[in-house]
Amino acid sequence: MSALTWFYLAAGGWVLAAAAALAGRGAPRLIHTACVLSGLAGAAGIAGGASALWWGNSRVVSAGGSVIVGTLQLQASSLAGAFAALLGLVALAIAAYAFRYHEAGPHTAIYLAVFNLACLGCLAVLAAANVVTFLVAWESVALLCYLLILRHPGRTDVAGGAFWFLALSETGFVLLVAAFVILAAKTHSMQLDLIATRAHLVPAGWRDAAYLLALTGFGFKAGLVPLHVWLPEAHPVAPADGSAFLSGLVVNLGAYGIALFAFRLLPVGPAWLGLLTMGAGAITAAIGILYALNERDLKRFLAFSTIENTGIIVTAFGAAMTFGAYGQRALWAFLLLAGLYHVANHGTYKTLLFLEAGVIEHTTGTRDMDRLGGLIHRLPRSAVITLIGTLGIAALPPLNGFVSEWLIFQGLFQGFRTGSHLVGILIVVAAATLGLTGGLAIYAFVRGYGIPFLGMARTRQSAEAAETGQPVAGPGLLAVACVALAVGAPLVVLALSRAVGTVTGVTLRPDLLPGNLTIIPAHTDFSAFSPTYLTVFLVAVTVVPVLIYLSGRPGADSVTVPVWDGGMVTFRPRMQYSAMTFSAPTRVTFDALYRPSVSMHRASDDPAGRSGPVHYETEVTPVFQRYLYTPVVRAVEWLADVIRPMQSGDVNVYLLYLFLVILAAYLIGAL
Amino acid sequence: MTDGDPALSSQQDQPGVPPPASGSEPGPELAAGRQLSERIARQFGRSLHIRTLDTGSCAACEQEIRLLAAPHYDLNRLGFFFTPAPRHADLLMVTGPMVRAFDVAARKTYEAMPGPKIVVATGACALGGVYQPDAFVHGSVAEILPVDVWIPGCPPSPLALLQGLLVAVDRLAEKVGGLSFAADETQEAAQ
Amino acid sequence: MALWFLRGLRRGVVTTGYPARSDDSAARLPTPPAFRPAALDRSTADRLVAVCPSLALRREADVLVFDVGACTACGRCQDAVPGAAAPSGEFELAATSRAHLVKRIPLLREAGT
């Protein structure tokens, strides 16, 4: 079956699921039916995406046609195939999760209907073959995600978070429209395929302007710094599977958009565009993880981690563009492959982590890391699944994050092949920034896993959490996917290389994958790596000593004694590391970025320590809100105040406006 | 004249060593136990890790203990080493009169040491002198811990400490048991 | 060359040879007393018991019980009854049993008691 057929099946499944949910009006049976249909649609999406990846761009299908809105045109392109497979996986996992997570009711029915329509909208974005379809689908995804975030409108901050999402989404949308309009106007075509073939006719200035507008517009959705502000506001207030969908997929749609413009629509541009993209990605990655280290709220922490991963993906894309500009076609294709691989990995483990954050919030009633602890004893299955996701996102071997980051690093390290010293140095600086990010990511996720799951419970809610009835299948499927993406890396690389071959026209094989399960980054004289063998080796290195110990263990009596805690009489959970103290060294080192403010009030100044309660508060300055968004908002408000006199309410003045506008239109039309 | 092998004294810490049957010939298990203890004592003689524990002393004993590591006395040449971690320690060197507020910590430190282990009470306070049991002190560390070797002194000089450690690992014979502390021995007046 | 190295060469090895060789400083150490039974009777024994600050001495009938383990070598017993006690010079006092440190010194029996 062709990829488009699978896409139709998936679309049909999601529509049926939405209809089932709405028709049932909250009846549990129909909600379960909706989830099952949604899961099946997800599976179809995976098949369609894989098929598109492998077989290349399908034909364009047109439907309808009107002068005003144009035609609906769909195509399963191979670039979109990677993202569509991810969409299918995420939708399937979330469907399995939603089965157990939500209580049945009319609000849940509406929510699930919106969710399924959002999946449909994302598929439409990916399958869009012309500008109008793309933009309509994009905008509908934005509105549906806004409704997703508003699941519990009565709770604090929900409306604010949803508004941040919508406002920045719309701002990006305006820029996207501008970018597409430029391209469509200059190539006289609305169809993406035709734009791609004719793009070399677009003058260089307009091309660069279109790309920059697209980078910024898609950057709002993807979460490039400083356009990322909606992520930490919207994610905590959305329900767990909504946040998972946002981070696992919708943010990746931003990356899809950037890849669409950089690799499919536009020909290879000047190097400075690639360097700019790479720089934006590197800075985003570093800043994202630095802010993640300061968060106590699990979901805000994961949101900043999403920003970090977007940065890594965009860095890979930018470096690919730079290599393309210098004629290094193999590295151009290779870094696109590495970026797509990271998109798939990020979607998988980030969705997993958000779903598990939902489980934690459900069982303990809090997202605050400092109120958790010892959950590995209370939620053993969730702990194992979360550990797999954490190892993946921290890019520790042998899991999938390590594979894709290794590929990106190997691509970046070959910056010397560009032949330009300056560019080589800039690429190495980007690699160094990614290295810093990787180290901080490990730090952040040791904290993000260790504080809630390990140690002793810090509060009663954490000590009494119970795992019964919590969803396991959805996150479990994603954990299996993480391992599969790692161990099956040669297969993934094979599939992606076919997609990359269709997009860029560069065949990376056979250099990329000599037959022995090793991956070679574009050039044989540089390095090689086999994720499969590494996994086998690591498992053996862990298991074999354990087996030796078990077989040769002396049969002497052993005594079980408590952990040595320094001989303390009572070890209280409050004596453990808290999330904020664990990350305190970063606040010291990077205080120029954080500008922390500390306020402390003592009841009295008794030097003997009997001063009574002490109130200590430390806050990281929200740099972007304070120095970028607030001034912009104030400027807009000032402008609105200035324009307000025009809306005097006097009908005669309005008629005058009408007359002036018609006059101006005639004049412009005549010229 | 040693009262049995020092490594055997705290028998409850020795795996597989039964207490000696009173008044009978040492049986085969005891012989095997002695062999094990002798092996352990030989090991300890080559490398012994010492964990010091201050249960409320005035720190004079700690000063002398610290001097053991200095070049003049240099306990490392005899195979002794200091370690802060009870998990890595073979010998617990206890000073101070065992303040009651500390006994839980002392017990925990002792239990954190893997067997076989030796406890050496150091200084007059730890042996039961100077402080009598009251509401704040136990008076002697033997109230809480099973002591194998006792080192008197206030504070015991580093030489006395070295002798005590060597007695604990059976490299020197105990001497004080044979001393009478009576100036002229011929005055053994019959009662 | 570091100065400490040259100084060390000049000074030679400062580490004591104990236990293989005796240490010179041993002679200067304060040590628990050795009692002279000839100078002890019940009254002097009672005076010694009263003056000991660490309760290392007690009298049981005609025996002076001396707990070497409790002795701090303060020398008050020597000052209180001159000739009854003198420094024993013994510093190798480690014992494997607490009982080995409790010494019984018979008092001089007074004529007729």
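Which element supplies the largest share of the lining of the largest pocket? In this predicted model, that element is S4(A), with 4 residues. The pocket has a volume of about 1,000 Å³. Its lining comprises 36 residues. A:Asn294, A:Arg296, A:Met580, A:Thr618 and A:Glu619 lie nearest the centre. Several elements of chain A each supply at least two lining residues: helices H9 (230-237), H12 (298-325), H22 (579-582), H23 (584-589) and H25 (623-643), together with strand S4 (614-619). By class, the lining of the largest pocket contains 15 nonpolar, 12 charged and 9 polar residues.

The second largest pocket has a volume of about 540 Å³. It is lined by 18 residues, and A:Ile46, A:Leu53, A:Ala85, A:Leu485 and A:Val492 are the closest to its centre. The lining has 17 nonpolar residues, 1 polar residue and no charged residues. At least two lining residues come from each of five chain A helices, H2 (28-55), H3 (78-101), H13 (329-364), H19 (473-487) and H20 (489-504). Domain 1 (1-258) and domain 2 (268-550) of chain A both contribute to this lining, so the second largest pocket lies between them.

Chain B contains 6 helices and 5 strands. Along the sequence, these follow the pattern α-α-β-α-β-β-α-β-α-β-α. Of the 191 residues in chain B, 50% are buried. Among contacts in chain B between residues at least 6 apart in sequence, 78% join residues at least 24 apart. The accessible surface of chain B is about 8,400 Å². Carbon and sulfur atoms account for 55% of that surface.

Notes:
Residues numbered from 1 in each chain as written. Chains lettered and ligands numbered in written order. Predicted model: local features only at pLDDT ≥ 70, side-chain atom pairs only at ≥ 80, totals over all residues. Heavy atoms only, no water. Buried < 20%, exposed > 50% of the residue type's maximum accessible area, 1.4 Å probe, protein only. Contact = heavy atoms within 4.5 Å. Areas by Shrake-Rupley, 256 points an atom, 1.4 Å probe, with all protein chains shown as cover. 1 Å grid on protein atoms, 1.4 Å probe; cavity = no way out; pocket = protein on both sides within 12 Å on 5 of 7 lines; lining within 4 Å. Points joined across faces, edges and corners; volume = space filled by probe spheres on them. Nonpolar A, V, L, I, M, F, W, Y, C, P; charged D, E, K, R; others polar. Domains from an automatic or database assignment.
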